2 protein chains.
Amino acid sequence: MDDGKRDVGRRVTSFDVAERAGVSQSTVSRALAGSPQITPQTRARVTAVAQELGYLVDHRASRLRTGRTDTIAVVILGRPEDATRSANPFYFELLGSICEAASQRGLEVLVSLQSEEGEFFGDYVGRGQADGVIVVGSARNTRAWTHFRELQEASPRVVFWGSPFDDAGWVRSDNFAGGRLAVRHLLEHGYRRIAFVGPLEERLGQFQERFDGYAAELAAHKMEPVFLPSYDALDRYAQGSGAAAALMERDPRIDAVFAASDQLAFGVLEYLQSHGIAVPDEIGLVGFDGMAAGTICSPALTTVAPDLRKAAAMLLDAMDGTAGPSSERVPVELIERASVRARKA
Amino acid sequence: MDDGKRDVGRRVTSFDVAERAGVSQSTVSRALAGSPQITPQTRARVTAVAQELGYLVDHRASRLRTGRTDTIAVVILGRPEDATRSANPFYFELLGSICEAASQRGLEVLVSLQSEEGEFFGDYVGRGQADGVIVVGSARNTRAWTHFRELQEASPRVVFWGSPFDDAGWVRSDNFAGGRLAVRHLLEHGYRRIAFVGPLEERLGQFQERFDGYAAELAAHKMEPVFLPSYDALDRYAQGSGAAAALMERDPRIDAVFAASDQLAFGVLEYLQSHGIAVPDEIGLVGFDGMAAGTICSPALTTVAPDLRKAAAMLLDAMDGTAGPSSERVPVELIERASVRARKA
DNA sequence: CTGAAAGCGCTTACAG
DNA sequence: CTGAAAGCGCTTACAG
C-alpha cells in the first residue's frame, strides 16, 4: 500500500525536480517556462537538475491547465474507398508545407486520413486535441464535405483547402488566374486549339474556376472552349486518358490541352504517348498543381503551381480565428517544363 | 468576480452534462466511456444530454488521468535543408499506410518533419504526447540518425524504418530478397549485364542489403556485379542520372540497371531517354520502393515494392513495446510494368 | 448500479 | 524573487 519509491515506471514530475533542486514546484515550472522573474542562478540550477533527471513537462497536464493545445489537425479526405491509395499525392505535398509552417509557429500537427462515411471526424477542437483543423482532399467525397461543412458552421476554427462550397472558410489557388496563365502560355507558344480536360459536374469549386479562367482567356482571343460535358467516376488518371481519347476523336484540330490537375494531365499524357502522338510537338500540355511527379513523366509536365508555402501560411492564419471566416487566394505561377514546345508563335 | 454563467467561451464539461441529466459526474464519465455497469436507460439519457449540449470528452484531461495518449508520433527526416522538398515522397506513402493502420487501432498520428540539427526532437513519449515514435527518412542525415539512435537507447518505444544502424529497433524491407528478385526478373527477361545504381558509402543499411541481394543472385549465375564506388552528394535523382552516365561509358555491354530506389531509377531513366537509349529494348530497368510516381514515368517503372500495409502494422507492433527491440522484415514483391521487356530469354 | 472524493501534473493568481 | 494553494476536467478505486 505504501506508495514506495519504485523508480521504475514512475514519471519524473516537476515535484521531483523541485525536491532535488531545493526549490518549490512552482519555481521549477516558472524556471523551465522561461519566466523572467526567476533568478538566472535559480533557473540554471533547475535546468541542470531537470536535465539530470530527464524531466520533461507533461503536455497533457500543461495543456489541460492552460486550455491551449498548440496543435492543429489536418484531415485528408480520400474517395470513399481505400483512404491511402485514393488520397491524391498533391495533398501530401501540401501537408508537408503545412507541417513546416506549423513547426515554425511552434505547433504540432495531427494527421487523419478519412474516406468512409461513419469515420468522418473533425471535432479535434471540442476534444481539446487541436486549436483548429484544416480539411483538404478529394472534392468528390461529397458526404465528407457535407459533414465538415456542418462542423465549420458550428466552429470558426475549421478551414478548407479548396472546398466544393463557395461561401467563406477556405483557401484556394488563384484558379482563375491559373487558367488564364495556362492558356496564354500555350497561345504564346503557337498552339491554336486548346481543349480543357477536367470534370465540371462535381461541384468542384476549383476545377470550375480553372475552367472559367481558361474560357476567359480564350474569349479574349476570340476562341471557343473545347471540353467534355461529363466524365465517368473513375480516378483522375483514367479520367484524363479517357477525356483525351474522346476529345481527340471529336475534334482533330486540337493541338493543346489544359488539364485541371496534374493527375488528369498524367492521364492525358499516357493516352497521347500510347497513341504515338508527340508531346509537345503535336500536342502541348499544361497541368495544374505543380506536383513533384511532373518532373518525372516524359516530357516533364509544364504546370500551374500554387505557392504551397504561402498556402500553408494562409491556412494557419485563417485558422487563427482572429479574423472571421475568410476566403483567401494563393498566388500561382507557371512552371515551364517540356510538355509545351519552346518555339514561340 | 462572480463566475457567472457566461455560456460564451466556457467549455461544456461532464459536470454540465451531469447536472442536466440529473446524475453524478462519475456516472456521466462511465456512461460515455461505455462502462458495462451503467443501466441502458441511464446511458441513453446521458448520451442524449451530452449530444444536446455538444459535450465531448476533453482528451487532455482523460489522458492526464489515465496516463495514456492513444497517439503515435511519426518523425520524417529530410536532408539538412528544406525539409519539405527534401523528404522523399516515398515516406509520405509510408505515412499514409501508418495513418490508416493507426486509425484502425484507435490511435492518432502526430507528424513532424525534421531536417536541421537543433530541431531534432523525438521525446514525444517523455512529454506525454505519444505512446511511441516512428522515425523514417533520409539515411543521409547522419546527425539526425545519431540523435534518434541515442533516444532509442533510452526508450524502447522508438522504432526506425530503415535506419543506417544494423542493431535492433527497426523495420525494413526484405532488401536482400528484393535485390535477388530484381536480378532474377531481368535475367529471365533476357538481360545479360546488369549494373547496380545506388550509393553504398553512406552507411545505408537498406541500399547495401539491396546490393548484396543483387550480387548474390548474379553470383548464382556466375556473373559479376557492375557498380560505382562513389557518388556525389546530390539528390537521388541526380545521383541516378549521373551514375547511369558513368556506368554506360565505362561498360558499353551493360543492358540493364537495378536501381536501389525508385528515385534513383527516375534519374537513370532521365539519362537514358535524353540520350536516346530505348527502355526497355536497349536497357532494362528495375527500381525499388513501388512508388506511385512509377506509374507515371514512361515507360512505367518495374519495381520491387514492399508491402506498406504490413510495414505499417509491423511498425506499430514494434512500438507496442511488448516484445523487446526487434528487427522485422517487410515482404517485397516485384511489380511488373514497362521498363523491362516482355520477351523471355 | 450510482455517488463522493482523490488525484493525474501542470500553471498561475495570490501572498509575502 | 519564491512558495502555498487552487483548479484545469477527467477516471477510477472505494463505499454504499
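This is a predicted model: local features need pLDDT of at least 70, side-chain atom pairs count only at pLDDT 80 or more; totals for chains, interfaces and linings use all residues.

1. Relation of the two copies. Chain A superposes on chain B by a rotation of 180 degrees, with 0.0 Å of shift along the axis and an RMSD of 0.0 Å. The two copies are therefore related as by a two-fold rotation axis.

2. Extent of the contact between the chains. On the chain A side, 36 residues are in contact with 36 residues of chain B. At least two residues each come from H4, helix H5 (83-86), helix H6 (89-104), strand S2 (108-114) and helix H11 (262-274) of chain A. H6(A) gives the largest share, 7 residues. By class, this side of chain A has 18 nonpolar, 11 polar and 7 charged residues.

3. Which surface is used. Of the interface residues of chain A, 100% are also interface residues in chain B, so the copies meet through the same surface.

4. S2(A) and strand S2 (residues 108-114) of chain B are joined by 3 bridges and run antiparallel. Leu110(A) has Leu110(B) as its bridge partner in S2(B).

5. DNA strand C. H2 and H4 of chain A, and H2 and H4 of chain B, each supply at least two residues of the surface near DNA strand C. That surface divides into 7 nonpolar, 13 polar and 5 charged residues.

6. DNA strand D. The surface near DNA strand D takes at least two residues from each of helix H2 (25-33) and helix H4 (59-66) of chain A, and from each of helix H2 (25-33) and helix H4 (59-66) of chain B. Its residues are 7 nonpolar, 13 polar and 5 charged. H4 of chain A also supplies at least two residues of the side that touches chain B.

7. The sheet in chain B. Here 6 strands form an open sheet of mixed pairing, in the order S7-S6-S8-S9-S10-S12. Strand S7 (226-227) and strand S12 (332-335) of chain B are at the edges with a single partner strand each, so one side of each has no neighbour in the sheet.

8. Neighbours of S9(B). Strand S8 (residues 256-259) of chain B runs parallel to S9(B), with 3 bridges between them. Val257(B) stands opposite Leu285(B) in S9(B). Between S8(B) and S9(B) the chain passes through helix H11 (residues 262-274) of chain B, in a right-handed β-α-β crossover. S9(B) also pairs in the parallel sense with strand S10 (residues 302-306) of chain B, over 3 bridges. Phe288(B) has Val304(B) as its bridge partner in S10(B).

9. Burial of S9(B). Is strand S9 (residues 284-288) of chain B enclosed or open to the outside, and how many of its residues are buried? The count is 5 of the 5, so the strand is largely enclosed by the rest of the structure. In a regular strand, side chains alternate between the two faces of the sheet. Gly284(B), Val286(B) and Phe288(B) point one way from S9(B), while Leu285(B) and Gly287(B) point the other way, and all are buried.

Note on methods:
Residues are numbered from 1 along each chain as its sequence is written. Chains are lettered from A and ligands numbered from 1 in the order in which they are written. Copies are superposed by least squares on the C-alpha atoms of residues with pLDDT of at least 70 in both. Two residues are in contact if their C-beta atoms, placed from the backbone, lie within 7 Å. A residue is buried if 20 or more other C-beta atoms lie within 10 Å of its own, exposed if 12 or fewer, and partly exposed in between; C-beta atoms are placed from the backbone. Helices (H or I, at least four residues) and strands (E, at least two) are DSSP runs, numbered from the N terminus. Two strands pair if DSSP finds at least two bridges between them. A crossover is right-handed if, with the strands pointing away from the viewer, the path from the first strand over the helix to the second runs clockwise. Ala, Val, Leu, Ile, Met, Phe, Trp, Tyr, Cys and Pro count as nonpolar, Asp, Glu, Lys and Arg as charged, and the others, Gly among them, as polar.
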